[in-house]
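Reader: I'd like to learn how to read a fold like this one. Could you walk me through some features?

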Amino acid sequence: MKVLILGVGGLGGFFGAHLQKTNCDVTFLVRENTKKLVSERGIKIQSDFGNFKINPVLITKKDLKINYDVVMISCKAYDLDEAINDLKPSQKNAVIIPLLNGQAHINKLEKAFKKENVFGGVAHVSSNTNAPGEIKHVGKIKRLSFGPRYKGNEEIANDFYQLCRKADFQTILSENINQDIWEKWIFLATIAGATTLFQTSIDNINTKPNGKIFIQNLWNECINISKENGYELRTESKSLHEDLLFKSDYPFKASMLVDMEKKLMTEHEHIFFEFIKLGKKKKLNTSLLETCHLNMSIYEDNLNKEG
């Protein structure tokens with residue numbers, strides 16, 4: 001099985017490096033400047049589970065000629081259009097596994113590729129890049145969930161699942177990937193909203209009684225929007241996520257806050273605004289999400305002025 005991974009960032013680089021360690025046939029699609037840097041340095045993973053380095057196979061879009069069985073898309077939401085334009089000419093028959101957050105990307109991908117070939121994917125891992133190819137994994141969670149959204153690709157889904165099982169991360173072949181996508185979105189909108197608004201880690205916010213109340217109210221707002229759109233948060237998932245939101249003493253920051261600290265663009269439109277739109281369609285309260293979205297809109301306006 002030939003696997004193509006878009007990018008060498010916190011998700012693509014992390015999962016791709018672990019897959020290559022199992023002798024999986026993995027290729028990374030990168031930009032020209034990234035290829036030069038990572039070719040020299042390799043991909044390095046730092047983790048409490050152990051550090052390691054791989055020498056990856058890297059290509060740019062001009063080298064994209066062969067057909068791959070599975071394409072894992074791990075770019076930021078604002079780079080998705082470019083990714084589709086790069087992949088569409090040569091990867092019409094590949095299974096696409098996007099690891100983007102939210103759900104707006106699904107419709108775009110289904111218009112560009114065969115509908116039944118667009119799987120759902122969810123990454124549960126906190127991993128950030130210090131420099132191209134240098135990835136730091138924090139915490140204990142390292143899980144990849146994926147699954148077909150339509151019937152017809154069960155065989156290749158199982159083949160890829162068996163391949164991932166050999167790697168040093170938890171893999172779930174989901175029978176309800178749409179539910180998984182919504183549950184990740186609820187959690188991410190909450191933790192990204194709180195940590196970017198107060199510009200600190202979730203444990204610090206929880207030390208203040210009103211901080212904990214804010215997180216709880218934002219969490220409930222997101223849960224309600226998801227429920228009214230047909231995806232009620234499951235009991236087990238609710239318990240797991242609430243442990244991370246309210247009971248962990250680990251200084252966890254959403255990747256959106258990490259991007260803010262680096263003065264980078266963020267996915268706030270994809271995470272907050274799309275959620276707000278779905279809430280408003282159901283005539284629900286979205287006031288806290290709107291506050292989080294406004295905060296990030298002002299941040300990005302200022303970033304553009306500086307830039």
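**Loops, helices and cysteines**

Author: Let's start with Lys283, which counts as exposed at 78% relative accessibility. Keep in mind that this is a predicted model.

Reader: Fine. Where does Lys283 lie?

Author: Lys283 lies in the loop between helix 11 and helix 12. Its phi is positive, about 60 degrees, although Lys283 is not a glycine.

Reader: In which loop is Lys263 placed, and what is its phi?

Author: Lys263 sits in the loop between helix 10 (255-261) and helix 11. Phi of Lys263 is near 60 degrees, again a positive value in a residue other than glycine.

Reader: Is Lys263 buried or exposed?

Author: Lys263 is exposed, with a relative accessible area of 53%. The cut-off you need here is over 50% for exposed.

Reader: Which residues make the contact?

Author: Helix 11 brings His268, Glu269, Phe272, Phe273, Phe275, Ile276 and Lys280. From helix 12 come Leu289, Glu290, Cys292, His293, Met296, Ser297 and Glu300. By type, the residues of this contact between helix 11 and helix 12 divide into seven nonpolar, three polar and four charged.

Reader: Which residues of helix 12 are buried, and what covers them?

Author: The buried residues of helix 12 are Leu288, Leu289, Cys292, His293, Asn295, Met296, Ser297, Tyr299, Glu300 and Leu303. Their cover includes helix 6, helix 8, helix 10 and helix 11.

Reader: Let me try helix 9. What span should its 13 residues have?

Author: Helix 9 covers residues 235-247, and at 1.5 Å a residue it should span 18 Å. Its end C-alpha atoms are 17 Å apart, which agrees. Ser237, His241, Glu242, Leu245 and Phe246 are the buried residues of helix 9. They pack against strand 8 (120-131), helix 6 (177-198), helix 7 (202-206) and helix 8 (209-228).

Reader: What follows helix 9, for instance where is Pro251 placed?

Author: Pro251 is in the loop between helix 9 and helix 10. With a relative accessible area of 46%, Pro251 is partly exposed. Leaving out residues up to four places away in sequence, Pro251 touches Ser201 and Asp203. Pro251 and Arg165 are 86 residues apart in sequence, and their C-alpha atoms are 30 Å apart in space.

Reader: And for a loop residue that is buried?

Author: Take Val8, in the loop between strand 1 (2-6) and helix 1 (12-21). At 8% relative accessibility, Val8 counts as buried, since buried means under 20%. Beyond four places in sequence, Val8 touches Gly13, Phe28, Val30, Thr34, Val38, Ile43, Leu58, Thr129, Gly133 and Ile135. One of these, Phe28, is 20 residues from Val8 along the chain, with 6.9 Å between the C-alpha atoms.

Reader: What does Leu100 touch, and where does it lie?

Author: Leu100 lies in the loop between strand 7 (95-98) and helix 4 (104-112). At 4% relative accessibility, Leu100 counts as buried. Its contacts, leaving out residues up to four places away in sequence, are Ile73, Cys75, Lys76, Ala77, Leu80, His105 and Gly121.

Reader: You mentioned Cys75 there. How many disulfides does a search of the whole structure find?

Author: The general idea first: a disulfide is a covalent bond between the sulfur atoms of two cysteines. A search of the whole structure finds zero disulfides.

Reader: What about Cys24?

Author: The closest cysteine sulfur to that of Cys24 is in Cys164, at 7.5 Å, too far for a bond; the cut-off is within 2.5 Å. Cys24 is buried, with a relative accessible area of 10%.

Key
Residues are numbered from 1 along each chain as its sequence is written. This is a predicted model: local features need pLDDT of at least 70, side-chain atom pairs count only at pLDDT 80 or more; totals for chains, interfaces and linings use all residues. Side-chain values use heavy atoms; hydrogens and water are left out. Helices (H or I, at least four residues) and strands (E, at least two) are DSSP runs, numbered from the N terminus. The expected span of a helix is 1.5 Å times one less than its number of residues. Buried means under 20% relative accessible area, exposed over 50%, partly exposed in between (1.4 Å probe, protein chains only). Contact means heavy atoms within 4.5 Å. Ala, Val, Leu, Ile, Met, Phe, Trp, Tyr, Cys and Pro count as nonpolar, Asp, Glu, Lys and Arg as charged, and the others, Gly among them, as polar.
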